[in-house]
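Visitor: I'm new here. Could you walk me through this one, a question at a time?

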Amino acid sequence: MEVVPRDSGLIWWGFPALYSLRFLFLVYYIRRPSGDLLPLLLPQPSLFFFFFAMSSYAEGRGEQEIHVLAVDDSSVDRALIAKILRSSNYRVTTVDSGKRALELLTLEPNISMIITDYWMPEMTGYELLKSVKESSKLREIPVVVMSSENVPNRINRCLEEGAEDFLLKPVRPSDVSRLCSRMR
Amino acid sequence: MLPLCSRVLLSHPFSPMSLMALREQLNMLVNSMYIEGLLDQQFQQLQMLQDASSPGFVAEVINLFCEDAERILTELTKDQAVVDFQKVDAYVHQLKGSSSSVGAQNVKLACIQFRQFCEENNKDGCLNALNVVKHHYYLLRNKFDTMLQLEQRIQAYDSKQQN
């Protein structure tokens, strides 16, 4: 048995559909004892690179899910903000305290935005905002503060501390839609 | 107040009312709640958020509100001999927030009054205000119960029609 070096013209005459893949395969022939040629398709090293590139391309083009973290001690408000955000096709996780929010932030790497209530027992939204902005890992995440009270001092303090926006409750879909451009 | 014929119909839960009649009854109930000030614009926002993908959204929010409100009212009713104004104010603030989010206008306004009395450290005013809040809340809850029952009957009718 001998190996005959590649002769792409001969093989593709037999398989015209494979002509476009000619750069991806090496073609050798093995001459059988009976005399006829048996084609041998060996993948080119470039084929592996090709598949790798294709899979990276597909991954990059996949939908980047926007994941919002909503923090509120009121179950009614959590249900409301979650519904408004989900209606805009955002993925939402709700927690009931600043402490749980910080715990989740250490585990979840890809939070696009934090929306938090101001008045919460134990840790206020302002304190949560400060913690986020003081953390080198988390400070890039935009934080929006919500409150049922229109207190200009409070609003200014939050904005000065780095809050992206301040929403008055009850929150409406129109309030949330103007936030979408600020998501990370 | 609902007209007499509706009250009679409501008291016979097994009367075979048509789907259209049920829907009309529900609409009349909700409209009367708006007119009487039990509900405000925010409730409309909730209704608009409910869609095919979440047909139970309004019911869910109503149930969460009622659970929350009853928990708070129970706490406020305890220990009426000594009034810790700060603690009471915190509870009323919570109730005001959830009633505002659900569109429970009368309850919300009663809570705002209540907080005034807390700020003034007025014990009698607070006790009175608590009764007013309870009155408005239980009135609202009765109507919510009727509303949810009607909705359930309508949905049952709809799914029966489909089968």
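This is a predicted model: local features need pLDDT of at least 70, side-chain atom pairs count only at pLDDT 80 or more; totals for chains, interfaces and linings use all residues.

Visitor: What area is buried between chain B and chain A?
Guide: Start with the contacts: 19 residues of chain B are in contact with 15 residues of chain A. Carbon and sulfur atoms give 60% of the area buried between the two chains. The whole of that area comes to about 1,500 Å².

Visitor: Which three residues supply more than any other three of the area that chain B buries against chain A?
Guide: Together the trio supplies 31% of what chain B buries there. The names to look for are B:Leu49, B:His93 and B:Ser101.

Visitor: Which side chain of chain A meets B:Arg115 in a salt bridge?
Guide: Between chain B and chain A the count is two salt bridges. In the one with B:Arg115, N and O are 3.0 Å apart. Its partner is A:Glu149.

Visitor: Which element gives the most to the side of chain B that touches chain A?
Guide: Across this interface, four residue pairs are in polar contact. The elements of chain B with two or more residues on that side are α3 (41–49), α4 (57–77) and α5 (85–102). With six residues, the one that gives the most is α5(B).

Visitor: And how many residues on that side of chain B are polar?
Guide: Sort them by class and you get six nonpolar and four charged residues. The polar ones number nine.

Visitor: How many residues in the lining of the largest pocket are charged?
Guide: Six of the lining residues are nonpolar and eight are polar. The charged ones number ten.

Visitor: Which helix gives the most to the lining of the largest cavity?
Guide: The search finds one cavity of 30 Å³ or more, and about 50 Å³ of space lies in the largest. Among its lining residues are A:Asp77, A:Lys169, A:Pro170 and B:Ser101. With three residues, the top contributor is helix α3 (residues 75–87) of chain A.

Visitor: A:Lys169 again! How far apart in sequence are the parts that its salt bridge with A:Asp72 ties together?
Guide: The closest N and O atoms of A:Asp72 and A:Lys169 are 2.9 Å apart. A:Asp72 lies in the loop between β4 (67–71) and α3 of chain A, and A:Lys169 in the loop between β8 (165–168) and α7 (173–177), so the pair ties together parts separated in sequence by 97 residues.

Visitor: Which residue does a cis peptide bond join to A:Lys169?
Guide: Most peptide bonds are trans. Here, though, omega is about 0 degrees.

Visitor: What is the phi of A:Glu122?
Guide: Most residues other than glycine have a negative phi. A:Glu122, found in the loop between β6 (111–117) and α5 (125–134) of chain A, is not a glycine, yet its phi is positive, at about 70 degrees.

Conventions: Residues are numbered from 1 along each chain as its sequence is written. Chains are lettered from A and ligands numbered from 1 in the order in which they are written. Side-chain values use heavy atoms; hydrogens and water are left out. On a 1 Å grid over the protein atoms alone, a cavity is a set of points where a 1.4 Å probe fits but cannot get out, and a pocket is an open set with protein on both sides within 12 Å along at least five of seven lines; lining residues have an atom within 4 Å of a point. Grid points are joined across faces, edges and corners, and a volume is the space filled by probe spheres set on the points. Helices (H or I, at least four residues) and strands (E, at least two) are DSSP runs, numbered from the N terminus. Contact means heavy atoms within 4.5 Å. Buried area is the accessible area (1.4 Å probe) that two parts lose on being put together, summed over both. A salt bridge is a side-chain nitrogen of Lys or Arg within 4 Å of a carboxyl oxygen of Asp or Glu. A polar contact is a pair of N or O atoms within 3.5 Å; within protein, one must be able to donate a hydrogen and the other to accept it, and residues adjacent in sequence count only if both atoms are side-chain atoms. Ala, Val, Leu, Ile, Met, Phe, Trp, Tyr, Cys and Pro count as nonpolar, Asp, Glu, Lys and Arg as charged, and the others, Gly among them, as polar.
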